[in-house]
Amino acid sequence: MIDDIMISRAIIESYTKELLYNLESDVIICGGGPAGLCAAYYLSKEGYKVLVLEKTLRPGGGMPGGGMMFNKIVIQEESKSILDEMGIRTEPFQKNYFVASALETLGFMLGRAIQAGASIYNCIYVEDALIYDKKMSGVVINWSAANIAGFHVDPLALRSRFVLDATGHDAEVAQVVSRKSGAALLTSTGKVIGEKSMWAEKGEKILLTNTKEIFPHLYVCGMAANAVFGGPRMGPIFGGMLLSGQKAASLISERLKKKD
Ligand code: 48F
């Protein structure tokens with residue numbers, strides 16, 4: 001016999017138990033695109049308590065759309081080992097260009113991050129920051145559906161030791177911190193500079209330099225890093241996104257080890 005109420009109970013109990021456990025964590029990653037998922041995988045693998053908050057129904061950000069909905073992604077030699085490690089197949093195209101299925105990459109990245117221990121929440125929107133004593137201390141969240149409907153619903157808060165802005169082109173967390181903290185971000189203007197037009201070569205090169213802490217205990221990776229520092233966008237080449245997520249994970253891990 002299958003009881004409809006038992007199904008409801010299983011879902012509600014399981015979800016709320018996990019959410020209660022995650023009210024306080026080591027790292028909150030805002031945005032479940034390629035950079036955020038990659039960071040989640042590496043941090044979770046090290047045993048940290050990590051959650052990813054993704055505002056859409058389907059995580060993956062710009063990845064499943066490939067280039068103009070041709071759902072393939074291109075990566076370079078230097079990032080191929082990340083896909084290899086996750087068991088994602090790549091096909092050589094030309095020297096230093098590899099092609100992967102955007103959907104296979106997304107499916108495996110999600111699975112690997114979750115199996116490494118990350119909690120991934122879709123349909124949750126990061127709308128504000130918790131800033132205690134001039135230090136990023138967590139995020140303020142709401143259901144994306146409430147936001148889309150324009151309902152006036154007060155949010156809830158999650159605390160963490162570090163926050164990673166992996167929200168892509170709009171660098172939404174950096175924007176909110178810049179607007180509300182009254183402090184300068186660690187950029188030349190003290191604000192989010194905004195991304196520049198597409199230039200894959202330059203954008204990929206500068207991305208790892210831009211992957212860093214921009215406010216005490218707030219790091220930035222992926223396209224958000226180039227948006228914060230005024231780097232170019234780079235279209236459907238994803239190697240830099242993966243390396244940036246991996247670098248952010250390693251920087252945050254160093255800080256967590258120091259018990260900062
Ligand atoms: O945009 P997105 O894929 O960023 P990324 O991981 O990768 C960029 C590439 O997709 C591509 C590119 C390749 O060279 O340039 O654009 O840096 O993923 C960002 C994710 O963050 C979510 C958004 O829905 C997307 O899935 N997101 C954005 N703002 C919020 C958010 C927010 N306020 N709260 C929660 N999720």
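# Briefing on a predicted protein model

G111 lies in helix α4, which covers residues 102-116. The structure described here is a predicted model. The protein has nine helices and 11 strands, and 49% of its 260 residues count as buried.

**Overall form**

- The radius of gyration of the protein is 18 Å; this agrees with the value near 18 Å for a compact globule, because the chain has 260 residues.
- Taken along the principal axes, the box filled by the C-alpha atoms is roughly 55 × 55 × 40 Å.
- The protein has an accessible surface of about 13300 Å², and carbon and sulfur atoms contribute 58% of that surface.
- Among contacts with a separation of 6 or more, 67% are between residues 24 or more positions apart.

- Three strands form an open sheet in the order β3-β5-β4, and their pairing is antiparallel.
- The edges of this sheet are β3 (72-75) and β4 (91-94), each of which pairs on one side only.
- On average, neighbouring strands in this sheet are turned by 35 degrees against each other, direction ignored.
- Strand β5, made of residues 97-101, runs antiparallel to β3 and is joined to β3 by four bridges.
- Within this part of the model, I75 stands opposite F98 of β5.
- Helix α3, residues 77-86, packs on the sheet and touches both β3 and β5. The direction of α3 makes about 125 degrees with that of β3.

**The packing of helices α2 and α3**

- Two packed helices are described by the angle between their axes and the distance between the axes.
- For helix α2 (residues 34-45) and α3, the angle is about 65 degrees and the axes are 12 Å apart.
- The crossing of α2 and α3 is left-handed.
- On the α2 side, C38, Y41, Y42 and K45 make the contact; on the α3 side, I82, E85 and M86 take part.

- Is G111 of the model buried, exposed or partly exposed? G111 is partly exposed, since its relative accessible area is 27%.
- G111 and Y41 are 70 residues apart along the chain, and their C-alpha atoms are separated by 9.3 Å.

- Strands β7 (residues 124-132) and β8 (residues 135-143) run antiparallel and are joined by eight bridges.
- I124 stands opposite W143, a residue of β8.
- The hairpin has two residues between its strands, and D133 takes a positive phi near 50 degrees there.

**Positive phi in residues other than glycine**

- Most residues other than glycine have a negative phi.
- A171 has a positive phi of about 40 degrees and is not a glycine.
- The location of A171 is the loop between β9 (156-165) and α6 (172-181). A171 has a relative accessible area of 0% and is therefore buried.
- K259, also not a glycine, has a positive phi near 60 degrees.
- K259 is placed in the segment after α9 (239-257). With a relative accessible area of 69%, K259 is exposed.

- S244 lies in helix α9. The relative accessible area of S244 is 0%, so this residue is buried.
- Which residues does S244 touch, not counting those up to four places away in sequence? They are L207, L208, T211, C221 and G222.
- N22 is found in the loop between α1 (4-21) and β1 (24-30). N22 counts as buried because its relative accessibility is 1%, and the cut-off for buried is under 20%.
- Not counting residues up to four places away in sequence, N22 touches K49, L51, S119, Y121 and L158.

Definitions and conventions
Residues numbered from 1 in each chain as written. Predicted model: local features only at pLDDT ≥ 70, side-chain atom pairs only at ≥ 80, totals over all residues. Heavy atoms only, no water. Buried < 20%, exposed > 50% of the residue type's maximum accessible area, 1.4 Å probe, protein only. Pairing = 2+ DSSP bridges. Axes fitted to C-alpha atoms, helices over the stretch in contact; angles between N-to-C directions. Contact = heavy atoms within 4.5 Å. Rg over C-alpha atoms; globule rule 2.2 N^0.38 Å. Areas by Shrake-Rupley, 256 points an atom, 1.4 Å probe, with all protein chains shown as cover. Left-handed = near helix turned anticlockwise from the far one by under 90°.
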